[in-house]
Amino acid sequence: MKTCPGHFGYLELVRPVIHPEFAKSVYLLLQSTCYQCHKALLTTEQMNEIKPVIKSFVGSEEEINEQTIAAGALTTIEREDTSMVLLKKLKSIKKCPHCGIQQRKIKLERPTFFYMDSTRLRPDEIRDWMSKISDDDLTSFGIDPTATRPEWLILTALLVPPVNVRPSITLESGERSEDDLTHKLVDIMRINQRLEQDIDAGAPQIIIDDLWELLQYQVTTYFNNETPGVPVARHRSTRPLKTLAQRLKGKEGRLRYNLSGKRVNFSARTVISADASLTINQVGVPSRIAETLTIPLYATVWNLEEIKKIAARTEYPMVLNLITKEGIRKRLTDATREEILKIIEPGCILERQLVDGDSVLMNRQPTLHRLSLMSHTVKILPGKTMRIHVSVTVPYGADFDGDEMNLHVPQSLEAQSEARYLMQPKDLVRSPRDGKPIMFMEEDEVVGVHLLTKDDAYFTKEEASLMLANAGVYEFPKHEVKGKFSGKSIFSLLLPKDLEFEYKSGASKIVIKKGELVEGTVSSKLVGEGGALILRLFDEYGADFTMEFLLQMTKMTLRVAEAAGVTISVSDYYNSDATNKERQKIIEEVEGRVNDITKKYAENKLESLPGYTKRETLELETMAQLEEARTIANRALSKSIGTDNNAMLMASVKARGNILNYVQTSMFLGQQAVRGKRPSRGYSGRILPYFTRNNKTPEAKGFVKSSFFDGLKPKEFFMHAMGSRDSAMSKSLVTAQSGYLQRRLINAMQDFYTAEDLSVRDASGALIQTIYGGDGMDPTKERE
Amino acid sequence: MVPPLELIPEHSILSESEAKKVMAKFSIPAKKFPKILDTDPQAKLLGAKPGNMIAISRKDPSGGKYTYYRIVVKG
Ligand SMILES: [Mg+2]
Ligand SMILES: [Zn+2]
Ligand SMILES: [Zn+2]
């Protein structure tokens, strides 16, 4: 392997040129010193007075502490002010205090041309001037003369980087193509040589000056081809040359592109989609991805024969590369396979295509969470998307509306075992936030369990067979009622035979005895968000059982939901005459109550709430009444609409949507809010010109009486838009703000860890907390 | 001087030998402990000097009592 890092050379310039990036520093020094005696343009006394200030400006922090605290430490802003004042003072000095000569005006014409009263200062003259500034003066200017002499800012030689920095590439045609930097260096050399020849030949001064100026231009663009005021140097194809500054700068530059943003190998990214036959632990990988990604196999004395067999394969699970003991990567092709097989020996590494059962990491951005990066078991599938179980969607925050995820193949054995032992979804069912399950059943599944386990659910032998076989259960429930099986008994087949479980919430009660669901309907409280049953199974029957249970439940409940045909249509929201009458009544009653409050206020009979004025009380009580309207409508709807209405069914079992959505769709939208209050801005004393001034009636203050089903009136539409815009704005502001806050917290705490004694330490071992969280609790492990 | 308030957990200065024991318990030198300024009202109240170790007994709503340690530094 080539190990030489290359060696720098240099190019002697026949005539000195100004370093373009330091022109400003040179300018400051020219302005601050006398052109005749080259001393700083201040008297010795003034210099002594100013020295400590300068020191605080350039000195290290410790030096500042020692000296300037006594003199009254300067803040950064004060320091900047002082240096500005100093500079202004120096500029305004007309006469040198040392030799008494009248100072002349120095001008810098960007980027590198200096003039003194309209006569050009040549770089060699400037260099002479710079070299005559005393070390003592330089120290006062904040320059350390032992490190940098100002005459070094005028170049007499140019550092030439080795070819490693500017490699030439050989094109397929055999033509050589040189790097932009090489081109630039060639340009500089050419001009430099011509200048030398012309000087030796005694050419007229004008010609020499022209070439000198050209040399200055070439050197300037060599450093930065985007120097303001300089025409860009171009390639023959008119493409601007990429010189030193362009390599580093900007998004595509060395810093942001190569150092901050590193690319990784052994990874893949595609759209994700759902697959109801995968466990939460699996990931469906498209075969095209599996054929490209590889996993290392380590050849040892014990597995040599086995490994040679794998390497000899010429079809799909093939070995793509061999890495020899020396670390040389050799590609296996039909032409090279025979040869390479012969050199396989213990210590070699073979790179095999991905197969079923390999461990890979799945990640979805934003990675806010340790659960945003989990280890899945590969299942090769046809198609082009990566597939995951719907329940594992929650910790990733993913859905399937076009979301993409990244897949990484851990390469080292350490990485592989870390992924297997610490990062599998089945082991991470409990949330690190509160210990409640974070992988649970959703949407169709929740409707499914409800329909399966409600009291009057009975299924024929045929229906039961389909459901059970789908879940991989090949037995029937023991009890048969009139040739049918109860849904509860079918569900019970998925439970452990010895499970004893009871759950009470409000009026409903769920009882499982000896693994039989004897009472109650399984709800989302058991298997959905917060899932008490999932928690119990995970704690007592383990990760593998829970994983299987989730998969079987998915398969079974989806079959139930599918058979029932759970879907919604506009007809679900069509109101009966009775409902319409009810709605009319609710609105009228609310308006009546608001009127009463307003009247009471007008008659000065309204008693103000503690801490509020009368007017605030009026607004508060009015708002309370208007909010109440939705609750009343909610109650009325839940009473009059049964669960034979699918929209209502889904809302009431917490599968999808809520009753408020239903209210807004078929009854009325209700009160719109801006900044948590009734809308108030717009025209003076009113929101729209269609209202009278100071009209405080519900409809003038954003109470929308229409429903989405009927459509909104123009004024109502406007109120709704005000509310929507307010909530959209505050939502986006809150997410941006909390995201940034979280990022800062994560960065501040990223290498803290809980030590064996449960104390929290940072990377240096320093103590952060004597006991983790003040109580040493891990919510994930906590038991009732 | 600040009067003790019920919302401020109890601060106390550890003796040199007690401090040594605490450092041994966490097996780290004094400078690796969290810090408290000698100008802190509680440190002033106790008359703590730089180098002293202060024990703070905290009552946590979730898990009873635990002790936190801070080294006094010059403010
Ligand atoms: Mg999405
Ligand atoms: Zn070398
Ligand atoms: Zn002078």
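A polar contact is a pair of N or O atoms within 3.5 Å; within protein, one of the two must be able to donate a hydrogen and the other to accept it. The legends below describe close-up views of a predicted model.

View 1. The side chain of R583(A) reaches the backbone oxygen of M667(A) at 3.2 Å. Is R583(A) buried or exposed? With a relative accessible area of 11%, R583(A) is buried, because buried means under 20%. Neighbours within four places in sequence aside, R583(A) is in contact with N575(A), S666(A), M667(A), K705(A), S706(A), S707(A) and D710(A). I632(A) stands 49 residues from R583(A) along the chain, and the C-alpha atoms of these two residues are separated by 9.7 Å.

**View 2. The site of the zinc ion (ligand 3) and its protein donors.** Four SG atoms, those of C34(A), C37(A), C96(A) and C99(A), lie 2.2 to 2.4 Å from the zinc ion (ligand 3). The angles among the four donor atoms are 105 to 114°, and the site is tetrahedral. For comparison, the ideal angle for four tetrahedral donors at a metal is 109.5 degrees. Along the chain, the donors follow the spacing C-x2-C-x58-C-x2-C. C34(A) belongs to the loop between α1 (23–32) and α2 (44–58) of chain A, and C96(A) to the loop between α4 (76–92) and β2 of chain A, so this pair ties together parts that are 62 residues apart in sequence. Both C34(A) and C96(A) are buried.

**View 3. The site of the zinc ion (ligand 2).** The zinc ion (ligand 2) is coordinated by SG of C4(A) and NE2 of H7(A), at 2.0 to 2.2 Å. C4(A) is partly exposed, with a relative accessible area of 37%. H7(A), at 61% relative accessibility, counts as exposed.

**View 4. The open sheet of three strands in chain A.** The strands have the order β2-β3-β4 (chain A), and their pairing is antiparallel. At the edges stand β2 and β4 of chain A, each with a single partner strand, so one side of each is left without a neighbour in the sheet. From one strand to the next, the twist averages 35°. Helix α5 (residues 123–131) of chain A packs on the sheet and touches β2, β3 and β4 of chain A; the direction of this helix makes about 65° with that of β4(A).

**View 5. Strand β3(A) and the two hairpins.** Strand β2 (residues 106–109) of chain A pairs with β3(A) over four bridges, and three residues lie between these strands in their hairpin. I106(A) stands opposite M116(A), and E109(A) has F113(A) as its bridge partner. Strand β4 (residues 119–121) of chain A pairs with β3(A) over three bridges, and R120(A) is the bridge partner of Y115(A). In this hairpin, with two residues between the strands, D117(A) takes a positive phi near 50°. In a regular strand the side chains alternate between the two faces of the sheet. In strand β3 (residues 113–116) of chain A, F113(A) and Y115(A) point one way and F114(A) and M116(A) the other way, and all are buried.

**View 6. Q416(A) in helix α15 of chain A.** Helix α15 covers residues 413–422. Q416(A) counts as buried, at 13% relative accessibility. Apart from neighbours within four places in sequence, Q416(A) is in contact with I295(A), P296(A), P410(A) and Q411(A).

Methods: Residues numbered from 1 in each chain as written. Chains lettered and ligands numbered in written order. Predicted model: local features only at pLDDT ≥ 70, side-chain atom pairs only at ≥ 80, totals over all residues. Heavy atoms only, no water. Buried < 20%, exposed > 50% of the residue type's maximum accessible area, 1.4 Å probe, protein only. Pairing = 2+ DSSP bridges. Donors = N, O, S within 2.8 Å, 3.2 Å for Na, K, Ca; no water. Tetrahedral: all angles 85-135°; square planar, octahedral: opposite > 155°, others 65-115°. Contact = heavy atoms within 4.5 Å. Axes fitted to C-alpha atoms, helices over the stretch in contact; angles between N-to-C directions.
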